Amino acid sequence: MTFLRRFAIRHCSLSRGFGALSPASLGAPGSVTLHRLGVEKLPCRGRPFTGHNDTHTSWLHTETPESVEVDLKRLDGEDTGIAEVLMCRQKAKNALGRVFVSQMRELVSSLHHDTAVRVVVFRSLVQGVFCAGADLKERAEMNHSDSDLFVHGLRSLMTEIALLPMPTVAAVDGFALGGGLELALACDLRTAANSAQMGLIETTRGLLPGAGGSQRLPRAVGFALAKELIFTGRRVDGQRAVDMGLVNRATEQNSDGDAAYREALSLAREILPQAPIAVRMAKEAMNRGMEVDITSGMAIERMCYARVIPTRDRQEGMAAFIEKRPPRYTGE
């Protein structure tokens, strides 16, 4: 009962937060976009964006391009509500160094209370790499205590990503090794190019997954298979990853090297039209329910369901069904 009481208290707070939603706050046409710099160039010196929304940008950071290792791009037009986390630490292949982790933490923190964002896509601007994992050069300079504290912070960052209230999609267009795969595992959904390489390779370096991988991989692929992958440090490509349930969709790589991103964007566009409060509550119900027994899980589902009953979006969904038209959800 103590757990359920804490859960109920948390959702009372969440309900008050959702009560402030409006069409403008959810990014309806004509709404104001924050952090716009008024420039049409990349904040990171990587490969150019592809897709029809390339010029619709809005940046979180205002540092020089050289100092930005992680940034945020908000799409608009028909894709309003989709945000992209851009990883662009070029020279170190998005290795999880101090600056990279600090900027990622700042960005993720800003997204936690951003009701305008309905779906988040994590992607890399470094050709052939999603995230190479630990920054071994930085790690070699740390003593035992510093290393333990840094990995603890890395673990908490992955938890913050996993706790984002909106759906998240990782687009794995290249290598996702060690902490890089742990980052992808912290997302709700994953897409991958068939040529991508993924693996928790820590045992080949005398370590074990320390940023949540030992817990999230078994939940994604099953206990026995996760043990095999972690014990051996084996890498798998995108097709094998989709076969084992590690990623949701795999696709052939294209000439631009962004096939997984395009697939992730397609998936985000499927989520975007759905009622945002209902989607967030569905995520909450599944994530919380997985950690408890089935009876407690049913109670969690009931509380999440109760949250959507009084929403205008539920009324709109019913009206749209009766009137045989597409629903127009506002997040209220």
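**View 1. Glu228, a partly exposed residue with a relative accessible area of 35%, and its charged partner Arg234.** In this predicted model, local features need a pLDDT of at least 70 and side-chain atom pairs count only at pLDDT 80 or more, while totals for chains, interfaces and linings use all residues. Residues are numbered from 1 along each chain as its sequence is written, and side-chain values use heavy atoms, with hydrogens and water left out. The side chains of Glu228 and Arg234 form a salt bridge with an N to O distance of 2.7 Å, where a salt bridge is a side-chain nitrogen of Lys or Arg within 4 Å of a carboxyl oxygen of Asp or Glu. Arg234 is also partly exposed, at 36% relative accessibility; the term covers values between buried (under 20% relative accessible area) and exposed (over 50%), found with a 1.4 Å probe on protein chains only. Elsewhere, salt bridges with shared partners join Glu69, Arg89 and Asp135 into one network.

**View 2. The salt bridge between Arg89 and Glu69.** The N to O distance of this pair is 3.6 Å. Arg89 lies in the loop between strand E2 (82-87) and helix H2 (98-112), and Glu69 in the loop between helix H1 (2-18) and strand E1 (70-74), so the pair ties together parts that are 20 residues apart in sequence. Helices (H or I, at least four residues) and strands (E, at least two) are DSSP runs, numbered from the N terminus. Both partners are buried, Arg89 at 15% relative accessibility and Glu69 at 14%.

**View 3. The salt bridge between Arg219 and Glu291.** Here the N to O distance is 3.3 Å. This pair links distant parts of the chain, since Arg219 sits in helix H6 (residues 213-221) and Glu291 in the loop between helix H10 (276-289) and helix H11 (294-308), 72 residues apart. Arg219 is partly exposed, with a relative accessible area of 44%.

**View 4. Strand E2 and its neighbours E1 and E3.** Six of the six residues of E2 are buried: Ile82, Glu84 and Leu86 point one way from the strand, whereas Ala83, Val85 and Met87 point the other way. In a regular strand, side chains alternate between the two faces of the sheet. E1 and E2 run antiparallel and are joined by five bridges, and two strands count as paired if DSSP finds at least two bridges between them. Leu72 stands opposite Val85 of E2. With strand E3 (residues 119-124), E2 pairs in the parallel sense over six bridges, and Leu86 has Arg123 of E3 as its bridge partner. From E2 the chain crosses through H2 to E3 in a right-handed β-α-β crossover, meaning that, with the strands pointing away from the viewer, the path from the first strand over the helix to the second runs clockwise.

**View 5. Arg123 over the face of Tyr261.** Arg123 lies 3.6 Å from the ring centre of Tyr261; a charge sits over a ring if NZ of Lys or CZ of Arg is within 6 Å of the ring centre and within 35 degrees of the ring normal.

**View 6. An open sheet of four strands in the order E4-E6-E8-E9.** The pairing in this sheet is mixed, and its edge strands, E4 (129-131) and E9 (236-237), each pair on one side only. Strand E8 (residues 197-199) and E9 pair in the antiparallel sense over two bridges, and the bridge partner of Gln197 in E9 is Asp237.
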